[in-house]
Amino acid sequence: MADKSTLGDSLRRHGVSRRGFLKFCTATASLMALPPTMVPAIAQALEKARRPSVIWLSFQECTGCTESLTRSHSPSVESLIFDHISLDYHHTLQAAAGDAAEAAREAAMHENKGKYILVVDGSIPLGDPGYSTIAGISNLQMLEETAKDAAAIIAVGTCAAFGGLPQANPNPTGAVSVADIITDKPIINVSGCPPIPTVITGVLAHFLTFGSIPELDQYNRPKVFYGQSIHDRCYRRPFYDKGLFAETFDDEGAKAGWCLYKLGCKGPMTYNACATTKWNQGTSWPVESGHGCLGCSEPRFWDAGGFYNALSVPISDNSQTVAFAGAAGLALGAAAAGINFKEKDAAQKAHETVTIDDLEKSS
Ligand code: SF4
Ligand code: SF4
């Protein structure tokens, strides 16, 4: 169970060359939005890093978060990271079942006491412990037991981060988020319904590399991925700024790629990385395929007033529209987004001057 090998050992065992390793480190830096000048430090840290033990618990959820993760393309930074962590316990993916599965969880907790990462997807029902149990253990008891000796907790998906669908009105099970129960551990919320796989692995990469959690926003989400709104990075934004909106899903505006705001797009109040990271191997994302953002990475998005209702009607004048967008919530993230832009610009500039060949020579 306890793997004492380092990530460097593991990569070599898998036949990853020095050049391949540096490429991996460069991709990891980019995943964490760090400049390539950080690559040597990342390489050094990763070389020595022990494979962290990960225990993944699934409570009231639809398995969409795990599905999202397993759909990450291969070979990829994601698969590399997941090949090199010890996923000691995962309800959906593990082969063991019943008593053997529970024994695996207990062994992983015992052998990696204080060092393992706990990943949780799904909400926790407080209405009645019997609403959701695993091996006869209530979700609440299992979460409290497993969180006790975890180094950090990653709440994956909007259900674990904010309560999500199970918590939607009238919340029949009394569903709550991980942070509603665990208050004495660092918790990173990777929200989204489902969350973007790259974001999940980016957070794990950060922990693996630096042994710490990334900088978080007001909802405990990593700023590097949630620091800007969908609207900030949307390629349809010039249409919004010009007041050009599709009125139906098949009108001339929709065909011309105009802004989907009036069709209910929640991009202006939603903070996530979809517009830059995209989905399905970077192929596309909801707004690019013609549907407005639903706001799935925000608290209480299921009860936010209807997926196809516009937040309000923007005015078709450039300055007024921008002012309206500010009122719709952009101001909230403006400072963080500004910092993020600076970091990304710096990373981009550094990318222009540092190549794998340069890194290989200097390492
Ligand atoms: S409202 Fe939606 S479609 Fe329009 S620019 Fe903003 S994010 Fe893009
Ligand atoms: S575009 Fe909006 S609703 Fe769709 S996945 Fe991204 S954050 Fe969620």
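The accessible surface of the protein chain amounts to about 16,200 Å², with 55% of this area belonging to carbon and sulfur atoms; accessible areas follow the Shrake-Rupley method with a 1.4 Å probe, and for residues only the protein chains shown count as cover. The model is predicted, so that local features require pLDDT of at least 70 and side-chain atom pairs count only at pLDDT 80 or more, whereas totals for chains, interfaces and linings use all residues. Residues are numbered from 1 along each chain as its sequence is written, and side-chain values use heavy atoms, with hydrogens and water left out.

Of the 363 residues of the protein chain, 51% count as buried (buried denotes under 20% relative accessible area, exposed over 50%, and partly exposed in between, with a 1.4 Å probe and protein chains only). The chain has 18 helices and 9 strands, taken as DSSP runs numbered from the N terminus (helices H or I of at least four residues, strands E of at least two). Among contacts between residues at least 6 apart in sequence, 78% join residues at least 24 apart, a contact being defined by heavy atoms within 4.5 Å.

The largest nonpolar core comprises 35 residues, and I154, V190 and W285 have the most contacts inside it. Such a core is a set of buried Ala, Val, Leu, Ile, Met, Phe, Trp, Tyr and Cys residues joined through side-chain atoms within 4.5 Å. At least two residues of this core are supplied by each of several elements, including β1 (53–58), β7 (152–156), β9 (187–190) and α11 (197–210). Helix α11 gives the most, with 5 residues. Domain 2 (51–222) and domain 3 (228–328) each contribute at least three residues to this core, the domain bounds coming from an automatic or database domain assignment. Residues up to four places away in sequence being left out, W285 touches I230, C234, Y235, C274, A275, K278 and W279. Another core, of 26 residues, lies apart from it and has A150, V178, I181 and I187 among its members.

In helix α3 (residues 39–48), the buried residues are V39, I42, A43 and L46. Viewed down the axis of α3, these residues fall within an arc of 100° and therefore line one face of the helix; the arc is that of the directions from the helix axis to the C-beta atoms. The face of α3 turned away from its buried side carries the exposed residues Q44 and K48. For helix α6 (residues 98–111), the buried residues are A101, E102, A104, R105, A108 and M109. These fall within an arc of 150° down the axis of α6, so they line one face of the helix. Exposed D99 and H110 are carried on the face of α6 turned away from its buried side.

Several loop residues were also characterised. N272, in the loop between α15 (252–255) and α16, counts as buried at 6% relative accessibility. Its C-alpha lies 6.2 Å from that of F225, although N272 and F225 are 47 residues apart in sequence. The peptide bond from N169 to P170 is cis, with omega near 10°, and P170 belongs to the loop between α9 (164–167) and β8 (175–176). In the loop between α9 and β8 lies N171, a residue other than glycine with a positive phi near 45°. A cis peptide bond also joins C193 to P194, with omega near 0°. K278, in the loop between α16 and α17 (318–353), has a positive phi of about 60° although it is not a glycine.

Definitions and conventions:
Chains are lettered from A and ligands numbered from 1 in the order in which they are written.
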